[in-house]
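Biologist: I would like to learn how to read a few features of a model like this one. Please take them one at a time.

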Amino acid sequence: MSAFNAIGEERDIDRDEFTPEIEPQATWCPGCGDFGVLKALKQAMPEVGRNPEETLLVTGIGCSGKLSSYFRSYGFHSIHGRSLPVARAAKMANPDLEVIAAGGDGDGYGIGGNHFMHTARENHDMTYIVFDNEIFGLTKGQTSPTSPKGHKSKTQPHGSAKQPIRPLSLALTSGASYVARTAAVNPNQAKEILTEAMEHDGFAHVDFLTQCPTWNKDAKQYVPYIDVQDSDDYDFDITDRGEASEMMQEAEDALYEGKVLTGRFYHDEDRPSYQQEKRNAGDMPEEPLAERYFDDDYEWERSYDLLDRHK
Amino acid sequence: MTDDELIWRIAGGSGDGIDSTSQNFAKALMRSGLNVFTHRHYPSRIRGGHTYVEIRAKDEPVKSRGDNYNFLLALGDSFARNPQEEAYYGNEEIKPLSENLDELREGGVIVYDSGLLDASEIEDFDQRVEENDWHVYDLDLRGLAKEHGREVMRNTAGVGATAALLDMDLQYIEDLMEDAMSGDVLEANLQILEEAYESVNDDYEHTHDIRAPTGSTDDEQVLVSGSHGIAYGALDEGCRFISGYPMTPWTDVYTIMTQHLPEMGGISEQVEDEIAAASLAIGASHAGAKAMSGSSGGGFALMSEPLGLAEITETPIVLVEAMRAGPSTGMPTKPEQGDLEHVLYTSQGDSNRVVFAPGDPAECYEQTRKAFEIAYEYQIPAIVLYDQKLSGGHQTVPEDHFDEEPNPDIGSVVTEAELEEAVQEAGRFKRYMYDDEDSGFGGVSRRSIPGQKGGNFLASGNEHNEVGHISEDPNNRVVQMNRRMSKLDAIRDELAENADHQPVYGPEDAEYGILSFGSTKGVIEEAVDRLNDDGHSVKAMNVSDIMPFPKDDVTAFLESVDESLVVEMNASAQFRRHVQGQLGRFGEKLYSLLKYDGNPFEPEEVVSGFESRLGGEADLSQYNVRIESATGD
Ligand SMILES: Cc1ncc(C[n+]2csc(CCOP(=O)(O)OP(=O)(O)O)c2C)c(N)n1
Ligand code: SF4
């Protein structure tokens, strides 16, 4: 289709193509983990073989939400917590697009928690990256849903009385078909995981540990990371829900005890994506909706033909 | 109040099949050549609870439910169907009879199911029958239904009895039944229908005067609700994506769309909440589809932030707001026009949106088409504002009103060929260009669609520069704000080009005016006719372009009259305030007639309201309406 000829164009793709002429230093602090996500994502794109122009990156609000400014693709910097619903619909309207949604832990697990649960449940075909720095960065260091219990901030001066959210387990129980955790300080693993997540046909959730040296001095980057796949100490079947679930719980408990377990936790390649389910049910067309509006020969149905039932 | 019309009320418990029976009966009347208007009254309960549907039919155009009614079919009901529960809610069972007597006209007809209802339980029944010269037919509809089929078919028996008493040709009803059912069910229903028809003719003396009017409409007519009008308008504009979350009465338009979209190659999504619903519409539109969402008051409140997002990112969307009585959850099944200011001003900052308020099902169709056209051409959110009355009320519309070509134009987008020539900056397409003068799109910069080569840009809810990057540069801010805000003026000009823009009803040189918006249109037109017949001099304007406001038309209208009544269904005169705010004058000329009891205006209330304020004397104490004068000038 002429209107979208950037899609499916086969050629060698260079990661520099994803760099607009604008500097992330403009908003991100020196040493911020967000740089790591940006870099890993740019490195993963050529691996996946996607063009900037067939990629749509939808972000929320927060320091993390600025990712779409520094990544050159079609972008949508939406509102706090709402990247997923915007992204979901774009993917449904044009299934040929590579759709990535991204935001912070406050954005994704707090205000957008409902959307997270439902997007995972429906298994939309997209990648969701959550910059998990255990803090609200942009609004200057308030306690976030992943901040540890007892965490003190200006809004929790006596220390948070809440247990942190368990993003991996939450993604799994909600229905995500791919769940992983990686970290900004682990660029190789991050690139591999993002590549795999984008290639996965279903909802791929990546809890991306990022450090916020400005507001969160306890950032996890200072402790050694263990990759659960590389380590002989952890043996579990990532296609088995039960085993994956146990492993996630271990990782989530360990995180707040100073042991950072990363890697792939769950991968279900058999479950059809939501788009596929909907197509099977006759509820969604194969081809992008947008193409039709550019196609002069498309036969548009008319409401006039529906009037029989009203006579 | 003449009886050259039939106003037939079928009453019972919700779950009694009142809706489907009345739909069919209304169609039968339409097929006999009459114009039809329906009014649905129901409580916020699923089973049980007193409910009725009114069908008004006459040879001339019908524009409102009319005043009161003249034929009651009271069905025995399903108030206490749950076997675990005793017959509950006190005397609920006799409600189909007792609750409806107040509005029955003198000389009216009552048919009730003596198999289930006991008129002697109503204390003053006989006395009232006598006083009002009502003609009562007690028929064992349940018994009749049971004998030939199943008990639930008692509404068919009721329709058969109605047809006999009104001297109607059964054929219209039989044809409709044959379309809707088959096999044993059809046989049983037909038999019950005929049996009831004959037994009423054979066993009862017909003492009443009311007969079905004879109709003569030439046009092929269809019976549609405002929600159908909106849905069909959207489909004809090429809307192929809808996302929603159920909320009465918005659910009507949402379900109609959902019934058709899959087979038309479109997508309908039920999502987790209204924030998601509006956000999905934005995502789909960004990706190049014509998209819509909507809700009612509370759900629309949740859409406030996405609405602003659509505005600043210049992503076209159409939202429907189906008003019901508020505040908060208010009265879910009752109409009100109380969300006007909510829809006009919700969302932060100087945000702009287009608002249309159609007045009847035919206008719902046209205005929804307009809403899509404007939204996509100008890249701005457009809202179709209507209410519970228009949502579910059906009206006959000439079929050829819908005989219009589809419009799949996606508005101001660039082609890939244009993108090859386009100026880029920072590796991105200048999607939010300021100086796009040659393009001839007043205030509008053209957008690219994801997937188009050379078109990548960032849509951002933050203030942004020409390629979409966040920018707090004061000069950029002013230019972008001015560009976005200038759209409303351009839209106002475009809308004004339409010849019958904001039509005036009634004699041009009338002394007094009645100003209204939305679903009160028909009632007011009927009231205007009656007032002029009674020797008053009145004309009316029902405003459907709410934002941008048609300042010139309304100014001319108000200048031409001595005084004007502003009729609206809310307590705080929101529309009158909007008129005064937009025009900055006329305070001394405007008087509000307000109604907010959960029921739509009846023509008589508008007539009396007018007479009490502008034309002389009238006693308003019997109605739930209020007159209020405007302040300021
Ligand atoms: C509806 C709404 N509520 C609150 C805010 C203010 N706000 C902006 S960013 C943010 C927190 C972001 O934290 P997180 O998602 O963890 O991202 P980070 O900045 O740490 O990357 C908040 C509360 C907002 N923009 N919108
Ligand atoms: S505040 Fe924290 S999260 Fe935000 S840019 Fe600075 S270091 Fe990064």
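Biologist: In which sense, parallel or antiparallel, do strands E9 and E10 of chain A pair?

Modeller: First, the ground rules. This is a predicted model, in which local features need pLDDT of at least 70, side-chain atom pairs count only at pLDDT 80 or more, and totals for chains, interfaces and linings use all residues. Residues are numbered from 1 along each chain as its sequence is written, chains are lettered from A and ligands numbered from 1 in the order in which they are written, and side-chain values use heavy atoms, with hydrogens and water left out.

Modeller: Now the strands. Helices (H or I, at least four residues) and strands (E, at least two) are DSSP runs, numbered from the N terminus, and two strands pair if DSSP finds at least two bridges between them. In chain A, strand E9 (residues 225-227) and E10 pair in the parallel sense over 3 bridges. One place to look is A:Asp227, whose bridge partner in E10(A) is A:Thr262. Between E9(A) and E10(A) the chain passes through helix H8 (residues 241-255), making a right-handed β-α-β crossover. Right-handed means that, with the strands pointing away from the viewer, the path from the first strand over the helix to the second runs clockwise.

Biologist: Which residue of E10(A) is the bridge partner of A:Arg181?

Modeller: The partner of A:Arg181 is A:Gly263. Strand E7 (residues 178-183) of chain A pairs with E10(A) in the antiparallel sense, over 4 bridges.

Biologist: In what order do the strands of the open sheet in chain B run?

Modeller: The order of the 7 strands is E9-E8-E10-E11-E13-E12-E21, with mixed pairing. Strands E9 (267-270) and E21 (545-547) of chain B are the edges, each pairing on one side only. From one strand to the next the twist averages 20°; axes are lines fitted to C-alpha atoms, for helices over the stretch in contact, and angles run from 0 to 180 degrees between N-to-C directions. Within this chain, E8 (residues 241-244) and E10 (residues 291-295) pair in the parallel sense over 2 bridges, and B:Ile242 stands opposite B:Met292.

Biologist: How many salt bridges are there over all chains?

Modeller: Side chains of opposite charge can pair when their charged atoms come close. The rule here asks for a side-chain nitrogen of Lys or Arg within 4 Å of a carboxyl oxygen of Asp or Glu. By that rule there are 60 salt bridges over all chains. One of them joins B:Lys58 and B:Glu5, with the closest N and O atoms 3.9 Å apart. B:Lys58 is in strand E3 (residues 50-58) of chain B and B:Glu5 in the segment before strand E1 (6-13), 53 residues apart. B:Lys58 counts as buried at 11% relative accessibility, and B:Glu5 is buried at 3%.

Biologist: Where do B:Arg128 and B:Asp102 lie?

Modeller: B:Arg128 is in helix H3 (residues 125-132) of chain B and B:Asp102 in the loop between helix H2 (95-98) and strand E5 (104-113), so their pair ties together parts that are 26 residues apart in sequence. Their salt bridge spans 2.8 Å, N to O. B:Arg128 is buried at 19% relative accessibility, whereas B:Asp102 is exposed at 61%.

Biologist: Which peptide bonds are cis, and which residues other than glycine have a positive phi?

Modeller: Most residues other than glycine have a negative phi, and most peptide bonds are trans. A cis bond joins B:Gly326 to B:Pro327, with omega about -5°, and another joins B:Met547 to B:Pro548, also with omega about -5°. B:Pro548 is in the loop between E21 and helix H19 (551-559) of chain B. As for positive phi, B:Asn68 has a value near 55° and B:Glu314 one of about 60°. B:Asn68 is partly exposed at 25% relative accessibility, while B:Glu314 is buried at 0%.

Note on methods
Buried means under 20% relative accessible area, exposed over 50%, partly exposed in between (1.4 Å probe, protein chains only).
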